[in-house]
Structure formats: structure tokens, C-alpha cells
Amino acid sequence: MGGASGDQRPARAAPPAITLNLPDGQAVRARLHERQEVPGPYRWRYLVGVPAWTARPEGVEAAEYTVWVTGRQLTPIEGVDLSAVPTRRLPSPPPPPAPGWVVRPAPERRGRTDVHDAACRHVVGKGGKELSTLEALDALMRDGARACRDCDAAAVLNPALELGEGRA
């Protein structure tokens, strides 16, 4: 980036103060730098800066020790606004998978049916009856039914049907 005179980033406000409760019962004023949503038993973790000092040849210098803590270790200070603290949330979960299988009349085979994976390009947005895996296997055992070869239907369902042959 450019030098100080050419830097166009807005100045960031100093991190707000918060109380950090130490394991030995002490309470220390810290600065809250960031909060982050995480998986696990404690939904949020917080990056706090704790005042510290560093020994230099010239003498002692103020410093800051940063550490991630849980919300159980923090106490807000009355009147301090925490709304501007940078917050990172977990990404949204992916959409649920398609419900399974779909049976539709075969367009080129009058009176016949095709069974497709629910995400197959031949059925998405075109209707058909949604089926569970067992229902899809039952549908394939009917006369005139076949599994689509453009999706996972043939690769998954046909071997399952073959496993059941000869069993009563």
C-alpha cells in the first residue's frame, strides 16, 4: 500500500474496553478487538488485548497481549458500546440435499416410467413424484420402468435391485 499520506483507508476507532475475568478471580480491563462465531460448546470466541509491559534496553514499554477467550470470561462495562466490534459469523450451512429420487413418465416411451436422482437435470423443475430409496426400488421393479443413466439412479439403484434378486 501507499505511505501514510497516500493511504485512503478510514481510521478505525480504538477497540472498546471490556472486563476480562481471570481464573484466579482477578478482573482486568482489556480491549475487545474481534468476536468470531465458532462450532462447539461455546458459540462465540473473543479476541481481547490485555495490557502488558515489555522490558527494553531503554526501559519498560507498554505492550498488549492478545488472546482468544470465551464469553464466560468477559463482562461488559456499563455504558461501553460494543456494536462496532468486528464480527465474523460462520458461513451459512449448505442447502439440504435433494430429497432422494423422482419417478416421471418417460417422455419418449409411452406408458413407461424413468426413475431419476432428485437433482437430475431431466427432473429438476419438471415435476414428478418424489420417492424414498425403497419407493424408488419398488418403482423400478414395475414393468416398463428404468433408471436414468444420466444421473446416479442407474449406478446406485440397479446394483441394489440385483442384490435382492432370488431372495424371497
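**Salt bridges, a sheet and a helix**

Author: Arg56 and Glu61 form a salt bridge, and their closest N and O atoms are 3.5 Å apart. The model is predicted: local features need pLDDT of at least 70 and side-chain atom pairs count only at pLDDT 80 or more, while totals for chains, interfaces and linings use all residues. Residues are numbered from 1 along each chain as its sequence is written, and side-chain values use heavy atoms, with hydrogens and water left out.

Reader: What is a salt bridge, and how many does the structure hold?

Author: The term stands for a side-chain nitrogen of Lys or Arg within 4 Å of a carboxyl oxygen of Asp or Glu. The structure holds eight salt bridges.

Reader: Are Arg56 and Glu61 buried, exposed or partly exposed?

Author: Relative accessible area decides this: under 20% is buried, over 50% is exposed, and partly exposed is in between (1.4 Å probe, protein chains only). Arg56 counts as partly exposed at 40%, and Glu61 is partly exposed at 38%.

Reader: Which residues are linked in a network of salt bridges?

Author: Glu37, Arg43 and Arg89 are linked in this way. In the salt bridge of Glu37 with Arg89, the closest N and O atoms are 3.8 Å apart. Glu37 lies in strand 2 and Arg89 in the loop between strand 6 and strand 7, so this pair ties together parts 52 residues apart in sequence. Glu37 is buried, with a relative accessible area of 12%, but Arg89 is exposed, at 58%.

Reader: In what order do the four strands of the open sheet lie?

Author: Two strands pair if DSSP finds at least two bridges between them. Here the order is 9-7-8-10, and the pairing is mixed. Strand 9 (129–131) and strand 10 (145–147) are the edge strands, each pairing on one side only. Angles need axes, which are lines fitted to C-alpha atoms, for helices over the stretch in contact; angles run from 0 to 180 degrees between N-to-C directions. Neighbouring strands of this sheet are turned by 30 degrees against each other on average, direction ignored.

Reader: In which sense do strand 8 and strand 10 pair?

Author: Strand 8 (residues 113–117) pairs with strand 10 in the parallel sense, over three bridges. Arg146 in strand 10 is the bridge partner of Asp114.

Reader: Which strands does helix 1 lie across?

Author: Contact means heavy atoms within 4.5 Å. Helix 1 (residues 133–140) lies across strand 7 (101–105), strand 8, strand 9 and strand 10, and runs at about 115 degrees to strand 9.

Reader: Which residues in helix 1 are buried?

Author: Ala136, Leu137, Ala139 and Leu140 are buried in helix 1. They cover an arc of only 160 degrees around the axis, which puts them on the same side of helix 1. The arc is that of the directions from the helix axis to the C-beta atoms.

Reader: Where is Ala119 placed?

Author: Ala119 is in the loop between strand 8 and strand 9. Ala119 is exposed, with a relative accessible area of 55%. Ala119 and Trp101 are 18 residues apart in sequence and 8.2 Å apart in space, C-alpha to C-alpha.

Notes. Helix = DSSP H or I, 4+ residues; strand = E, 2+ residues; numbered from the N terminus.
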